[in-house]
Amino acid sequence: MSVSFFLPTKVLLDEDCVKKNAALFKIMGKKALIVTGRHSARENGSLQDVTDALAFVGVDYVLYDKVESNPTIARVRDGAAFAKANGADFVIGIGGGSPMDAAKAMALLACQDLSDDELFAGRYSPDVLPIVLLPTTAGTGSEVTQYSILTNDKAQSKTSIATPLIFPKIAMVDAKYTHDLPLKTTINTAIDALSHSIEGMLAIKANSLIDLLATDSIAKIAQSFDKLLSGNVDAACRANLIYASTLGGMVIAHTGTTAVHSMGYSLTYFHHIDHGRANGLLLAAFFNFVEKQNPAVISRLLDIMGLPSITAFKNILDRLLGEKEKITAEEFKKFTGISILAKNIANCTVVPTQEDIYNMYVESFS
Ligand code: NAP
Ligand code: FE
């Protein structure tokens, strides 16, 4: 047996964890750069909780609240310049994956001058601002990963910064911030988390410890299918989903993602399809593809979800995701050419060819 596990993030998953752990902000620095999206952090109470905690322990802050979904390189450069201009010495990211990923890239760029190519090249000096993250969607798991995923116009896709330097020092995970998350975002982000744990189990770096985390994460999300389908997402379900998404983050921190994510990035880049939805649209075709060479692993994944067949899984995904976008064969050819270049294509135990990728796109939208 071979197990490798590394998570330098202190994970505090608890009700009112910000208030209970306010003293930790004092250890992080003297002046925080708080990074959020435009609206939700104000509305769900997370920003107020953080600023109250900072005031309580006497730590100053500046607010950068302009992060849009699927943040661009220009956005994180702007935030990093703002951090430098204001003398911030640590970063607090609050929001879905977009503000959390932006916060990580800003923490890096505030300390290092990197060209766009260097930003994704993986060779950095050790300097980075310490990072604290609070998720307010239950999906990306970014609060416990070493990835920051940015819209990259040069690659016409989304590209990852991947370095242990941007592991958050602290993840504060409180389901209460997700209580008013709209149903559509709840579904899309839950499917993103499901995809992380499933792809992690199919990745070449999977090991028995990661398997435990992935299994619990997949089971918890599958137990929520009925509530997601009925739209009756109660507090207990929200708690399960955020727990499952943080586990999913721990999974991909160790395994990376696979073809589903690489293929999904084109759907987001060219058709503005939400990240989790993009993964969900592709998952059943990926199951069919993997099953041809490894039926045992697919049978196990279906067992964990308590489902009898891939058709039953596809049926649930179809009902959760609703009507599909119309995409042409020409576009699928273009997307195939882009996604085959992504590193995570070769990260699955069953590696798809260019033709397999094209066929999965076509099957997913037929
Ligand atoms: P998101 O783009 O962060 O947020 C989507 C929408 O949800 C925004 O309009 C946001 O509003 C709103 N929102 C967030 N929290 C809310 C709340 N509690 N209540 C109501 N609305 C809320 O979506 P996401 O799916 O969480 O993140 C997607 C990004 O994460 C993508 O860029 C993806 O590539 C990345 N990702 C990263 C990792 C990783 O390991 N780093 C893994 C997977 C995905 P505001 O804009 O007003 O906040
Ligand atoms: Fe994802």
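**A pocket and an iron site in a predicted model**

Student: Which element gives the largest share of the lining of the second largest pocket?

Tutor: In this predicted model, the second largest pocket has a volume of about 160 Å³. The elements that give two or more residues to its lining are α1 (17–20) and α4 (46–57). The largest share, four residues, comes from α4.

Student: Is the site of the iron ion (ligand 2) tetrahedral or irregular?

Tutor: The iron ion (ligand 2) is coordinated at 2.1 to 2.2 Å by D192 (OD), H196 (NE2), H261 (NE2) and H275 (NE2). Four donors count as tetrahedral if all angles lie between 85 and 135 degrees. Here the angles among the four donor atoms run from 82 to 167°, and the site is therefore classed as irregular.

Student: How many residues apart in sequence are the parts that D192 and H261 tie together?

Tutor: Along the chain, the donors of the iron ion (ligand 2) follow the spacing D-x3-H-x64-H-x13-H. D192 lies in helix α8 (residues 183–202) and H261 in helix α12 (residues 259–271), so the pair ties together parts whose separation in sequence is 69 residues.

Student: Are D192 and H261 buried or exposed?

Tutor: Both of these residues are among the donors that coordinate the iron ion (ligand 2). Residues under 20% relative accessible area count as buried, and D192 and H261 are both buried.

How values were computed: Residues are numbered from 1 along each chain as its sequence is written. Chains are lettered from A and ligands numbered from 1 in the order in which they are written. This is a predicted model: local features need pLDDT of at least 70, side-chain atom pairs count only at pLDDT 80 or more; totals for chains, interfaces and linings use all residues. Side-chain values use heavy atoms; hydrogens and water are left out. Donors are N, O and S atoms within 2.8 Å of the metal (3.2 Å for Na, K and Ca); water is not among the atoms, so sites may look incomplete. Four donors count as tetrahedral if all angles lie between 85 and 135 degrees; four count as square planar and six as octahedral if opposite donors are over 155 degrees apart and all others between 65 and 115; anything else is irregular. Buried means under 20% relative accessible area, exposed over 50%, partly exposed in between (1.4 Å probe, protein chains only). On a 1 Å grid over the protein atoms alone, a cavity is a set of points where a 1.4 Å probe fits but cannot get out, and a pocket is an open set with protein on both sides within 12 Å along at least five of seven lines; lining residues have an atom within 4 Å of a point. Grid points are joined across faces, edges and corners, and a volume is the space filled by probe spheres set on the points.
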